[in-house]
Amino acid sequence: MTLITSIGVVGSGQMGSGIAQVSAMSGFDCYLWDNNAAALNRAFESIKAQLQRLVEKEKITSKQAQEASAKLRKASSVQDFKNCQMVVEAIVENVEVKTRLFRELEPVVAPTTILASNTSSISITRLAAGVTRPDKVVGVHFMNPVPVMKLVEMIRGLQTSDETYNQSKAAVERMGKTTVLALDSAGFIVNRILCPMINEAIFLLQEGVKAEDIDAAMKLGTNQPMGPLTLADFVGLDTLLYILRILHAELGEDKYRPCPLLIKYVEAGWYGKKSGRGFYSYNS
Ligand SMILES: NC(=O)c1ccc[n+]([C@@H]2O[C@H](COP(=O)([O-])OP(=O)(O)OC[C@H]3O[C@@H](n4cnc5c(N)ncnc54)[C@H](O)[C@@H]3O)[C@@H](O)[C@H]2O)c1
């Protein structure tokens, strides 16, 4: 099996910048690109600051930080991915846009290059059907924040080859992650279980239970590090609603029906921590 040593990451938002940081810190040659130049610059600033913080906390040495920085390069277009053995996309969660990107990449990269998606909800089989090398398409679902969270869900599409799966799994494990194999169905494993739990917490809030009591109950009663409503604010209520709607539509069961209170909050622009208000306020 050929070992992957060079990775391209497309999309330099929350997830893409984390994947690029972890790749570079794990010794992969990494190109990061975003079609928004400001977002790409922000990601490089943020990665630099994160590495600096890790040095200050004595989690890595300054030599390791320098080595990681040297491994990470800014791509100026998809053409820069021509020598990458694996390209991970972490762009907007839209099937047409992701398919278009894979189609743009196909003629640029080698026929052996793996096209990996960090999608939270889109079928890998469907993404693969849009390209001429469906055996090279695989799902690698990192968790947020990528440098901290240990898990990556691996997803095989109907046509993903054993080689593609094994090579991408080995690459992700070399980033220090633990992998699990999920089905290519909405929500994979984590969101399939987590989102209905958070949704149920929002139903309780709607019925009049206090947010603080719901969170304290789940923290102290089930040993979760943060309560479901706090977690929802961190994930983003818009993202949570999006995933619940996918689960509801694809799996067709009422248990995934988004709570009306969640819909109202999203309509109000209360997206959680990122907008300053969700189930809690973050104005300070
Ligand atoms: N946020 C999470 O908690 C989370 C967790 C796991 C997986 N994901 C998945 O990761 C992906 C990215 O999510 P995110 O939270 O990082 O989003 P984000 O909005 O923070 O970042 C997306 C980036 O992609 C860029 N982009 C959009 N279209 C592009 C294109 N055609 N070409 C190049 N760049 C493009 C945007 O400019 C933006 O910088 C999504 O598929 C999402 O479902 C998100």
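What follows is a short exchange about a predicted model.

Reader: Why is alanine 20 called buried?

Author: Count the neighbours. Alanine 20 has 32 other C-beta atoms within 10 Å. The cut-off for buried is 20 or more. So alanine 20 counts as buried.

Reader: Where is alanine 20 found, and which residues is it in contact with, leaving aside neighbours within four places in sequence?

Author: Alanine 20 sits in helix H1. Its contacts beyond four places in sequence are Val9, Cys30, Leu32, Ile47 and Leu72. As for valine 10, its C-alpha atom is separated from that of alanine 20 by 9.2 Å. The two residues are 10 apart along the chain.

Reader: Why is glutamate 58 called exposed?

Author: Run the count again. Glutamate 58 has 7 C-beta neighbours inside 10 Å. Exposed means 12 or fewer. Glutamate 58 therefore counts as exposed. Its place is the loop between helix H2 (37-56) and helix H3 (62-71).

Reader: What is the phi of glutamate 58?

Author: Phi there is positive, about 60°, although glutamate 58 is not a glycine. Most residues other than glycine have a negative phi. Phenylalanine 188 also has a positive phi, near 45°.

Reader: Is phenylalanine 188 buried or exposed?

Author: Buried. Phenylalanine 188 has 22 other C-beta atoms within 10 Å, and the cut-off is 20 or more. It lies in the loop between E8 and helix H7 (190-206).

Reader: What makes the peptide bond from asparagine 144 to proline 145 cis?

Author: Look at omega. For this bond, omega is near -5°. Most peptide bonds are trans. Proline 145 is in the loop between E6 and strand E7 (151-156).

Reader: Which residues come nearest to the ligand?

Author: Asparagine 144 is one of them. By type, the shell holds 10 nonpolar, 13 polar and two charged residues.

Reader: Which residues touch the most other members of the largest nonpolar core?

Author: Val9, Ile19, Cys30, Leu32, Val87 and Val88 do, in a core of 50 residues. H1 gives the most to this core, with six residues. A second, separate core has 25 residues, including Val235, Leu241, Leu244 and Tyr256. In soluble globular proteins, nonpolar side chains tend to be buried together.

Reader: How do you know that E1 and E4 pair?

Author: Count the bridges. Four bridges join strand E1 (residues 6-10) to strand E4 (residues 86-89). Pairing needs at least two. E1 and E4 therefore pair, and they run parallel. Valine 9 stands opposite valine 88, and isoleucine 7 stands opposite methionine 86.

Reader: How many bridges are there between E4 and E5?

Author: Four, again in the parallel sense, with E5 spanning residues 114-117. Glutamate 89 has serine 117 in E5 as its bridge partner. Both faces of E4 are covered. Met86 and Val88 are buried on one side, Val87 and Glu89 on the other.

Reader: What order do the strands of the open sheet have?

Author: The order is E3-E2-E1-E4-E5-E6-E7-E8, with mixed pairing among the eight strands. From one strand to the next, the twist averages 25°.

Reader: Why is one side of E3 and of E8 left without a neighbour in the sheet?

Author: Strand E3 (72-74) and strand E8 (178-182) stand at the edges. Each has a single partner strand, so one side of each stays without a neighbour in the sheet.

How values were computed. Residues are numbered from 1 along each chain as its sequence is written. This is a predicted model: local features need pLDDT of at least 70, side-chain atom pairs count only at pLDDT 80 or more; totals for chains, interfaces and linings use all residues. A residue is near a molecule or strand if its C-beta atom, placed from the backbone, lies within 6 Å of it. Ala, Val, Leu, Ile, Met, Phe, Trp, Tyr, Cys and Pro count as nonpolar, Asp, Glu, Lys and Arg as charged, and the others, Gly among them, as polar. Helices (H or I, at least four residues) and strands (E, at least two) are DSSP runs, numbered from the N terminus. Two residues are in contact if their C-beta atoms, placed from the backbone, lie within 7 Å. A nonpolar core is a set of buried Ala, Val, Leu, Ile, Met, Phe, Trp, Tyr and Cys residues joined through C-beta atoms within 7 Å. Axes are lines fitted to C-alpha atoms, for helices over the stretch in contact, and angles run from 0 to 180 degrees between N-to-C directions.
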